[in-house]
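Let's take a friendly walk through a protein model together. Have the sequence and the 3D view open, and turn the view as you read.

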Amino acid sequence: MRAVVQDRYGPPEVLRVAEVERPVPKGDEVLVRVHASTVTRGDAMGVRSAEYRFTRLFTGIRRPRRTIGGTEFAGRIEEVGAAVTEFRVGDEVFGIEGGANAEYVAVGESGVIAQKPTGLTFEEAAAAPDGSLLALSCLRPAYPLRGKSVLVYGAAGSIGTAAVQLLAHHFEAEVAAVCDTKDVELVRSLGARDVLDRLRDDFTKNGKAYDVIFDAVGKHSFRRCRRSLKPGGIYISVDLGFMYHVPLFALITRFVGSRRARLGIGRYRKEDLVLIKELVDTGKYRPVIDRSFALD
């Protein structure tokens, strides 16, 4: 089969399309013929592995342990293992599995895989899991969210577009959002009541305060945001921050002050994927695609 292969860390040129052996599903796995996959921020960071070099302890010290890229997929099941009961050959599915930038991927039945929402194309379904699952898990420290005022910074990215929709249509929060000029109307269409143009408006200086500030791109800081939090409010970032300040402030604010900082811990969970499918089916969630490319 054809797959995107990476033998070393470096610029995009280290990626190449090559013929590799097709995976053979184990007894508790299904073999999915991939119709569409994606490139996420996490995938891109894994190619270079330069921003946080300590991650190589998990991905491989000198070269990547996983040589086939990609994590999100949507496709049709072609084989099922002998112990599989949930899926059948021919089922259209979507989910998360390493090595998804390939023609086939083997996925465990208990893994992050579910029936594809019937109203989505394969391309749309492939773009649904990553941002939505990370947004769900990162927002958990702020539960319950119903009725709270939440500002999403970086609202036009994968996690941001997911967070805006989940907050507005699932958690029933009051959503404000910050994005670039070109994305204002898109973000407003996703459910944000108040959309600020990052290039014109500084939300930290407008005098408004929020119960939750969710930095969905990890580009802000607790120090700058804390005055925009209500007493008892929480700042959540998806990134460690400049000089790894977020974990430090998360520890300090557990004991000092009424405003807290938390590092959002992104997790992929099957039950969350099933929830996203239900939200898509009921019209409460839709994936946002930036652009599309052929595998080559």
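A residue is called buried if its relative accessible area is under 20%, exposed if it is over 50%, and partly exposed in between (1.4 Å probe, protein chains only). Arg269, at 30% relative accessibility, counts as partly exposed.

Before going further, note that this is a predicted model: local features need pLDDT of at least 70, side-chain atom pairs count only at pLDDT 80 or more, and totals for chains, interfaces and linings use all residues. Residues are numbered from 1 along each chain as its sequence is written, and side-chain values use heavy atoms, with hydrogens and water left out.

**The parallel sheet**

Helices (H or I, at least four residues) and strands (E, at least two) are DSSP runs, numbered from the N terminus. Two strands pair if DSSP finds at least two bridges between them. In general, strands of a sheet pair through backbone hydrogen bonds, either parallel or antiparallel.

In which order do the 6 strands of the open sheet lie? The order is S10-S9-S8-S11-S12-S13, with parallel pairing. Strand S10 (194-197) and strand S13 (260-263) are the edge strands, each pairing on one side only. From one strand to the next, the twist averages 15°; angles run from 0 to 180 degrees between N-to-C directions, and axes are lines fitted to C-alpha atoms, for helices over the stretch in contact.

Look next at strand S11 (residues 210-215), which is joined to strand S12 (residues 229-237) by 5 bridges. Here Asp215 stands opposite Ser237 in S12. S11 also pairs with S8 in the parallel sense, over 4 bridges, and Val152 stands opposite Phe214 in S11. S11 is mostly covered, as 5 of its 6 residues are buried.

**Helices on the sheet**

Helix H5 (residues 158-170) packs on the sheet and touches strand S8 (149-153), strand S9 (174-179) and S11; contact means heavy atoms within 4.5 Å. The direction of H5 makes about 165° with that of S8. Helix H8 (residues 245-252) lies across S12 and S13, and runs at about 135° to S13. In the loop between H8 and S13 you can find Phe255, which is exposed, with a relative accessible area of 64%.

**Antiparallel pairs**

Strand S3 (residues 29-37) pairs with strand S6 (residues 104-108) in the antiparallel sense over 5 bridges. Arg33 has Tyr104 in S6 as its bridge partner. S3 also pairs with strand S4 (residues 72-80), antiparallel and over 7 bridges, and Val34 stands opposite Gly75 in S4.

**Salt bridges**

How many salt bridges does the structure hold? There are 20, where a salt bridge is a side-chain nitrogen of Lys or Arg within 4 Å of a carboxyl oxygen of Asp or Glu. Here are some of them:

| Salt bridge | Closest N and O atoms |
|---|---|
| Arg76 with Glu92 | 2.7 Å |
| Lys182 with Asp183 | 3.1 Å |
| Arg269 with Asp272 | 3.3 Å |

Arg76 lies in strand S4 and Glu92 in strand S5 (residues 92-96), so this pair ties together parts that are 16 residues apart in sequence. Glu92 is partly exposed, with a relative accessible area of 29%. Lys182 is exposed at 70%, whereas Asp183 counts as buried at 13%. Asp272 also counts as buried, at 5% relative accessibility. Finally, Arg140, Arg269, Glu271 and Asp272 are linked in a network of salt bridges.
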